[in-house]
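Please examine the sequence and the three-dimensional model shown here.

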Amino acid sequence: MAKETQQQSIKIRELRHLTLGMPASDGAGVKLTRLIGTPEINMLDPFLMLDAFESDNADDYISGFPPHPHRGFETVTYMLAGRMRHKDSAGNEGVIAPNGVQWMTAGRGIIHSEMPEQEEGLMQGFQLWVNLPAKAKLTEPKYQEFPAEQITVETTESGGEIRVIAGHTNAGAQGAVTNDFVKPTYLDISLKQSEVFSQNISSQENSFIYVISGSLVVGDKQRIVKKKQLGILAEGNAIKITAETNTRFILVSALPLNEPVAKGGPFVMNTQDELRQAVEDYHSGNFL
């Protein structure tokens with residue numbers, strides 16, 4: 001009886017919103033698609049921004065992201081193709097290669113750069129901005145970098161793969177990244193045609209998927225999400241994805257902070273006064 005009650009309590013998440021994002025550029029003119037952080041989707045608490053970049057034209061990415069400041073949130077760069085070199089004012093440096101991740105906690109302040117480590121070929125990946133709670137806005141900066149070989153890969157019964165960047169899968173595979181603030185789930189999932197992926201999730205979390213290749217259907221209502229589309233998932237405590245074709249997508253989810261947000265370029269605080277202080281600290285040399 002207990003098992004039956006537990007099964008009845010499962011609520012599959014359906015598709016709530018679908019978007020292609022909008023063309024944008026950042027850094028020194030890097031062309032990208034902004035999916036979160038737009039007039040359509042301002043933010044999806046605690047996710048402030050999601051950019052997808054993909055080009056085999058070096059002119060679209062060669063100028064990279066020269067040194068610039070951040071305060072009050074975390075940046076996550078996940079590479080699918082190409083190589084990007086990170087340097088920051090805390091002395092961290094490393095090259096992110098395909099299927100590698102860099103998770104930087106800006107905290108009270110950091111200046112970093114991300115520059116292409118190539119002059120030709122495909123550059124593809126994502127940058128995600130994750131907000132920090134008020135109590136951690138001025139925490140010490142932190143940097144985590146994991147190459148592909150250090151990312152846990154779970155193989156499914158049908159031959160698919162789940163790369164666990166943060167959080168864990170239903171089977172218990174644990175991500176390489178540790179996060180003490182919002183404890184997100186970040187999975188890179190490759191499914192064979194007709195394969196079904198399931199993930200238990202807190203009903204309070206905000207969750208989205210982005211299709212890298214192929215197409216999939218969400219939930220029991222079978223809403224289709226195609227290549228280069230981002231889908232925001234509705235409420236529920238379980239995610240069910242079925243691959244229409246061989247498909248690769250990311251799933252990102254976390255509990256919302258439910259705090260006020262004051263955004264100003266590279267700074268994200270809780271109030272306008274804190275935002276003004278961040279700008280003043282940066283220009284006066286008291287930023288770090």
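Strand E23 (262-264) and strand E24 (267-269) are among the elements that cover the buried residues of helix H2, where contact denotes heavy atoms within 4.5 Å. Helices (H or I, at least four residues) and strands (E, at least two) are DSSP runs, numbered from the N terminus. The model is a predicted one, in which local features need pLDDT of at least 70 and side-chain atom pairs count only at pLDDT 80 or more, whereas totals for chains, interfaces and linings use all residues. Residues are numbered from 1 along each chain as its sequence is written, and side-chain values use heavy atoms, with hydrogens and water left out.

Which residues of H2 are buried? They are Leu275, Ala278 and Asp281, buried meaning under 20% relative accessible area, exposed over 50%, and partly exposed in between (1.4 Å probe, protein chains only). Because these residues cover an arc of only 125 degrees around the axis, they lie on the same side of H2; the arc is that of the directions from the helix axis to the C-beta atoms. An α-helix has 3.6 residues a turn, so residues three or four places apart point the same way. The other side of H2 carries Asp273, Arg276, Glu280 and His283, which are exposed.

Just after H2, glycine 285 adopts a positive phi of about 85 degrees.

Elsewhere, 4 strands form an open sheet in the order E5-E10-E7-E8, with antiparallel pairing; two strands pair if DSSP finds at least two bridges between them. E5 and strand E8 (93-96) are the edge strands, each pairing on one side only. From one strand to the next, the twist averages 20 degrees, with axes taken as lines fitted to C-alpha atoms, for helices over the stretch in contact, and angles running from 0 to 180 degrees between N-to-C directions.

Within this sheet, strand E10 (residues 110-116) is mostly covered, 5 of its 7 residues being buried. Strand E5 (residues 65-70) is joined to E10 by 4 bridges, and phenylalanine 65 has glutamate 114 of E10 as its bridge partner. Strand E7 (residues 84-88) is joined to E10 by 5 bridges, with lysine 87 opposite serine 113. A further 4 bridges join E7 to E8, where histidine 86 stands opposite glycine 94.
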